[in-house]
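Visitor: I would like to learn how to read the features of a model such as this one, one at a time. Could you give me the general idea in each case and then show me where it applies?

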Amino acid sequence: MKKSEIFEKVLSVVSEQMELSSERILSTGRTEEEVDARCLFVYSCKKMGLSNEYLKNVMKRKSTNCIQHLYNNYAIRKEVNRFFAHNASIIEKQLTYNE
């Protein structure tokens, strides 16, 4: 599977599960739901093999630091937010199932 296909597949799954548009997930919005969705998106993309550099470029970010920050905060968000953890497990199952 091409990198662009992985990116679109993950974006579609996260967007559907979180009930947010792709544009809001990829935006720089700072609402809790946008940040949660973006965190789930970045974590899932990296888990499926996409690099920080690739994500930085397609998400139009200035550096890879924000990508790494989202990835690093995944475990913390999952631990303290049950809604986040629930959505994370559903997204993981969907992506694993569709591979």
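Guide: Let us begin with Cys 45, which counts as buried because its relative accessibility is 0%, where buried means under 20% relative accessible area, exposed over 50% and partly exposed in between (1.4 Å probe, protein chains only). This is a predicted model, in which local features need pLDDT of at least 70 and side-chain atom pairs count only at pLDDT 80 or more, whereas totals for chains, interfaces and linings use all residues. Residues are numbered from 1 along each chain as its sequence is written, and side-chain values use heavy atoms, with hydrogens and water left out.

Visitor: Which residues of helix α3 are buried?

Guide: Helices are DSSP runs (H or I, at least four residues), numbered from the N terminus. Buried residues in α3 include Glu 34, Asp 36, Arg 38, Leu 40, Phe 41 and Cys 45. This helix covers residues 32-47, and its 16 residues reach 22 Å from the first C-alpha to the last, close to the 22 Å expected from 1.5 Å times one less than the number of residues. Just after α3, Gly 49 takes a positive phi of about 105 degrees.

Visitor: Which residues have the most contacts inside the largest nonpolar core?

Guide: In soluble globular proteins, nonpolar side chains tend to be buried together. A nonpolar core is a set of buried Ala, Val, Leu, Ile, Met, Phe, Trp, Tyr and Cys residues joined through side-chain atoms within 4.5 Å. The largest one here has 28 residues, and those with the most contacts inside it are Phe 7, Val 10, Val 14, Leu 40, Phe 41 and Leu 55. At least two residues of this core come from each of α1, α3, α4 (52-58), α5 and α6. Leaving out residues up to four places away in sequence, Phe 41 touches Phe 7, Val 10, Leu 11, Val 14, Ile 25, Leu 26 and Met 59, a contact being heavy atoms within 4.5 Å.

Visitor: How many aromatic pairs does the structure hold?

Guide: Rings of Phe, Tyr and Trp (its six-membered ring) pair if their centres lie within 6.5 Å, and planes under 30 degrees apart count as stacked, over 60 as edge-to-face and the rest as tilted. The structure holds five such pairs. Tyr 43 and Tyr 71 are stacked, with 5.4 Å centre to centre and 15 degrees between the planes; this pair links Tyr 43 in α3 to Tyr 71 in α5 (residues 65-80), 28 residues apart. Tyr 74 and Phe 84 are edge-to-face, at 5.7 Å centre to centre and 65 degrees between the planes. Tyr 43, Tyr 71, Tyr 74 and Phe 84 form one aromatic cluster.

Visitor: Which residue lies over the face of Tyr 71?

Guide: A charge sits over a ring if NZ of Lys or CZ of Arg is within 6 Å of the ring centre and within 35 degrees of the ring normal. Here Lys 46 lies over the face of Tyr 71, at 4.6 Å from the ring centre.
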